[in-house]
Amino acid sequence: MTTPPSPSRIDTSQAHPARVYDWLLGGKDNYPVDEAVGEKLPPEVRIGALQNRAFMNRAVAYLASAGVDQFLDIGTGIPTEPNLHQIVQGIAPSAKIVYTDHDPIVLRHAEALLVSSPEGRTDYVQADVRDPGAILDHARTVLDFDRPIALSLIALMHFVADEHDPYGIVATLASALPSGSHLVLSHAASDIFPEIAEQATEQYARSGMTLALRSRKEVARFLEGMELVEPGLVTAPEWFRGEPAPEPEPSGMYAVVAQVS
Ligand SMILES: C[S@@+](CC[C@H](N)C(=O)[O-])C[C@H]1O[C@@H](n2cnc3c(N)ncnc32)[C@H](O)[C@@H]1O
């Protein structure tokens with residue numbers, strides 16, 4: 001592990017996205033401030049969180065089955081089983097995974113993320129996606145940048161406001177990846193259920209957290225120059241659900257897997 005644990009930096013007086021998300025998923029690694037935010041969110045947000053996690057599961061399993069055995073996961077969140085490495089190493093035991101999050105609470109739980117299969121490797125670095133260079137420098141010490149890598153930015157970029165250049169960040173990360181690499185991205189929508197999106201954004205803002213929800217067109221901008229894997233940019237439950245359900249499950253989460261080069 002690169003950054004030593006520093007539990008004292010966990011601020012329990014203010015809600016944090018990782019802990020609100022943990023509450024939404026039914027986890028126990030959150031505080032009353034986080035629960036208070038979660039309680040006030042529209043119920044669709046919890047459904048979206050569960051749909052997002054299920055998408056992550058399917059997307060990384062798909063890539064691991066297709067032979068991808070290196071993953072750079074940014075905005076990892078508090079461990080929730082099955083974690084990405086458990087899914088991937090269940091298919092490709094020698095897979096290497098680098099996890100990254102900026103929240104000290106994730107670092108505190110990183111031990112659970114670091115239990116690798118004996119043949120593979122897991123690694124954790126505390127870092128901010130807004131400093132992609134630092135993340136890439138670290139990832140290069142673990143992953144082989146001459147072979148394909150899957151970059152997962154799952155339910156992360158809607159925490160990065162436009163003023164922090166989210167498109168430049170994703171372009172910097174994607175352009176550093178070797179040929180044959182993939183991006184796995186999910187992003188909460190501003191335009192599927194606009195009223196719910198507005199309520200959620202307001203609720204996060206009142207608690208001091210940025211939520212920068214984006215429209216389909218704005219999410220598609222992250223994918224410029226990439227080749228989308230079928231079924232393309234869809235909602236999370238629509239991503240590889242096989243036969244279309246008679247009544248599609250509504251979802252306010254966009255999801256996509258794309259080949260970056
Ligand atoms: C909604 S959770 C998603 C967790 C996991 N990727 C998933 O989809 O199940 C978002 C995570 O992104 C992290 N995050 C938010 N802003 C970040 C930033 N600027 N740099 C790194 N991580 C960030 C939060 O701490 C949180 O753990």
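Predicted model: local features only at pLDDT ≥ 70, side-chain atom pairs only at ≥ 80, totals over all residues.
Which exposed residues does the face of α7 turned away from its buried side carry? I looked up α7 with this in mind.

Entry 1, ground rules. I number residues from 1 along each chain as its sequence is written.

I read a mean pLDDT of 94 for the chain, with 97% of its residues at 70 or more.

I take helices (H or I, at least four residues) and strands (E, at least two) as DSSP runs, numbered from the N terminus. A residue is buried if 20 or more other C-beta atoms lie within 10 Å of its own, exposed if 12 or fewer, and partly exposed in between, with C-beta atoms placed from the backbone. In α7 (residues 132-139) I find Pro 132, Ile 135, His 138 and Ala 139 buried. They lie on the same side of α7, because their arc around the axis (from the directions of the helix axis to the C-beta atoms) is only 125 degrees. The face turned away from that buried side carries Gly 133 and Asp 137, both exposed. The buried residues of α7 pack against β1 (70-74), β2 (96-101), β3 (121-126) and α8 (166-175).

I count 10 helices and eight strands. Of the 261 residues in the chain, 47% are buried. The C-alpha trace spans about 50 × 45 × 35 Å along its principal axes.

Methods: Contact = placed C-beta atoms within 7 Å. pLDDT = per-residue confidence, 0-100.
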